[in-house]
Amino acid sequence: MAAQAWAASGARLSGWQGMLERLYEVETGFDVSKFLLTDRRFVQLMEGRRYRPAREKLLIHEIDGELNVSLYLDPELLRRLEAQPPEQLLDGRNLTDFWMALEGVSHFVYLGHNARYDRPVSRLEMELQAEVDKFVLANLFLARQQGHSPGKRLHRALFHQPHFHSQLSHEEARRYVRASRYAGRYCQHLIHGMRRPGRGPLSRELRRFYRLHRHRKLEYIDTAHSH
């Protein structure tokens, strides 16, 4: 019954996964909807004393060299997205929920892509890439719905005053702030490419950046996008 109840949400998340995989020309080989978890009690059981309430969590456990992954999303968040699908109309009423759910899908795709090549990933690069994905897909939806790219307005909404979970540890908060700052600098330079006719150069840039590994993403932004 649970799987049927969230079939529409699962299909929506799979659709976003497909958009990311086509955008970056990557393939995870797994459908995120099959890994969707909406029962908070299961998360509490898995995390034990480490549990902290959150509306989105990618749960990762490695056992004997194999990754066990689940994507938890808050049921109320999913219901709100079903009531106002971002693919039809993305605005201030559903933007935060869209970004929250998309962040989980982004983590799933990035982890799955790198796992196929046995490449370790850091939490910092996952958070950084998720911020880029949120900016790029929101811009894509809004450009379709409004007929033009909202680049600068969207950049302000996502990066100028980012909000983080109030219960983050000092280390976690530092990582989120750093990821947001680096992603903000990178996305600032994507705005110009989003205005140009044809998406060839922009797509190549995004795919190149996606494949940069760990600290290379930060070095790339520091060197190529420092001005």
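## Nonpolar core

A nonpolar core is a set of buried Ala, Val, Leu, Ile, Met, Phe, Trp, Tyr and Cys residues joined through side-chain atoms within 4.5 Å. This model is predicted. Its largest nonpolar core has 58 residues. W16, F98, L128, V132, F135, L190 and L206 have the most contacts inside that core. Helix α5, residues 95-116, gives the most to this core, with 11 residues. In soluble globular proteins, nonpolar side chains tend to be buried together.

Take L128 as one example. Which residues does L128 touch, leaving out those up to four places away in sequence? They are A179, Y182, A183, F209, L218 and I221.

## Helices α2 and α6

Helix α2 covers residues 7-24, and helix α6 covers residues 123-146. Their axes lie 12 Å apart, and the two helices pack at an angle of about 100 degrees. Angles of 65 to 115 degrees count as roughly perpendicular, so α2 is roughly perpendicular to α6.

What does each helix bring to the contact? From α2 come W16, M19, L20, L23 and Y24. From α6 come Q129, V132, D133, V136, L137, L140, F141 and R144. Sorted by class, this contact of α2 with α6 has 10 nonpolar residues, one polar residue and two charged residues. Two of the residues here, W16 and V132, are also among those with the most contacts inside the largest core.

Strand β3 spans residues 66-73 and pairs with strand β1, residues 36-37. That pairing is parallel and runs over two bridges. Within it, L36 has L71 in β3 as its bridge partner.

Strand β2, residues 56-63, also pairs with β3, but in the antiparallel sense. Here there are eight bridges. K57 is partnered with Y72 in β3. H61 is partnered with N68 in β3. In a regular strand the side chains alternate between the two faces of the sheet.

β2 and β3 form a hairpin with two residues between the strands. In this hairpin, D64 takes a positive phi near 50 degrees.

## Loop residues with positive phi

Most residues other than glycine have a negative phi. E25 is not a glycine, yet its phi is positive, at about 55 degrees. E25 sits in the loop between α2 and β1. Is E25 buried or exposed? Its relative accessibility is 54%, so E25 counts as exposed, given that the cut-off for exposed is over 50%.

D118 is another residue other than glycine with a positive phi, near 55 degrees. It is placed in the loop between α5 and α6. D118 has a relative accessible area of 70% and is therefore exposed.

## K34 and Q44

K34 belongs to the loop between α2 and β1. With 67% relative accessibility, K34 counts as exposed. How far apart are the C-alpha atoms of K34 and Q44? They are separated by 20 Å, while the two residues are 10 residues apart along the chain.

Key. Residues are numbered from 1 along each chain as its sequence is written. This is a predicted model: local features need pLDDT of at least 70, side-chain atom pairs count only at pLDDT 80 or more; totals for chains, interfaces and linings use all residues. Side-chain values use heavy atoms; hydrogens and water are left out. Buried means under 20% relative accessible area, exposed over 50%, partly exposed in between (1.4 Å probe, protein chains only). Helices (H or I, at least four residues) and strands (E, at least two) are DSSP runs, numbered from the N terminus. Contact means heavy atoms within 4.5 Å. Two strands pair if DSSP finds at least two bridges between them. Axes are lines fitted to C-alpha atoms, for helices over the stretch in contact, and angles run from 0 to 180 degrees between N-to-C directions. Angles under 35 degrees count as roughly parallel, over 145 as roughly antiparallel, 65 to 115 as roughly perpendicular and the rest as oblique. Ala, Val, Leu, Ile, Met, Phe, Trp, Tyr, Cys and Pro count as nonpolar, Asp, Glu, Lys and Arg as charged, and the others, Gly among them, as polar.
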